[in-house]
Amino acid sequence: DTRQVPIVYSTDLHHPHMDPDDHFDLATLFSLDELDIRGIVLDCGDHQLKAPGSIPVRQLLHMTGRQIPYATGLRRPLRSVDDGRDPAQDLQQGVELLLDVLRRSAEKVIVFTTGSVRDVAAAFQREPELLRHKISRLYLNIGNPATGQGQIKNEYNVNLDRQAYVAVLRSGLPVYWCPCFDGDVRQRGRHGTFWRF
């Protein structure tokens, strides 16, 4: 089967980096021929204004000769489980890109997130049936939930936008939760998502 898998990537990629793994994640997506990257949402618009992830995205697009739409996501955390159209909210392009990709796709799309999931949550609140119909899998990279010691409440990505995670986890979308760590990453616990290259 030579069909490519359609994917939208939502990332809290920044430049200069806050965490260099986001650069590796993006480069990995670009290197996998089986993926058809339909759009890139640069998460956490407030941080994007200070350290724009668009710089490494443009660099990779230039190096690979590809044309992939990208957009900056909502600037502020959601105030409640809402659609991100709060009067104080701006930078709607990330939500609009996700909705546009899903509307135009003839097939279901994977949405892969690393960050706040704020734009996915807002898109779901605006057009829940579209997301239910067009998202095949929603990957969340968060937390250390296996140990039962409450690490999820202090997890970095969740703390970026708790209301967004509430909305997504209540949405009924096909969520695939990838725990970031299980204790010390060098110990490689049973419940973490960890690959050694």
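Modeller: We can start with a single side chain. Contact means heavy atoms within 4.5 Å. Leaving aside neighbours within four places in sequence, R126 is in contact with D83, G84, R85, Q92, V95 and L99. R126 lies in helix α5; helices (H or I, at least four residues) and strands (E, at least two) are DSSP runs numbered from the N terminus.

Colleague: What should I know about the source of the coordinates and the numbering?

Modeller: This is a predicted model, in which local features need pLDDT of at least 70 and side-chain atom pairs count only at pLDDT 80 or more, while totals for chains, interfaces and linings use all residues. Residues are numbered from 1 along each chain as its sequence is written, and side-chain values use heavy atoms, with hydrogens and water left out.

Colleague: Is R126 buried or exposed, and which side chain of opposite charge is nearest?

Modeller: Buried means under 20% relative accessible area, exposed over 50%, and partly exposed in between (1.4 Å probe, protein chains only). A salt bridge needs a side-chain nitrogen of Lys or Arg within 4 Å of a carboxyl oxygen of Asp or Glu. Lys and Arg count as positive, Asp and Glu as negative; His and the chain ends are not counted. R126 is buried but has no salt bridge, and the nearest side chain of opposite charge, D83, is 4.6 Å away.

Colleague: Which strands does β4 pair with, and in what sense?

Modeller: Two strands pair if DSSP finds at least two bridges between them. Strand β1 (residues 5-11) runs parallel to β4, joined by five bridges; T11 has T114 as its bridge partner in β4. Strand β5 (residues 135-141) also pairs with β4 in the parallel sense, over five bridges, and there T113 is partnered by L140. Of the six residues in β4 (residues 109-114), five are buried.

Colleague: How many residues are in the largest nonpolar core?

Modeller: A nonpolar core is a set of buried Ala, Val, Leu, Ile, Met, Phe, Trp, Tyr and Cys residues joined through side-chain atoms within 4.5 Å. The largest has 31 residues, and L131 and L138 have the most contacts inside it. Elements giving two or more residues to this core include β4, β5 and α4 (93-104), with α4 giving the most, six residues. Outside four places in sequence, L138 touches V111, T113 and V120, among others.

Colleague: And the chain overall?

Modeller: The chain has eight helices and six strands, and 45% of its 197 residues are buried.
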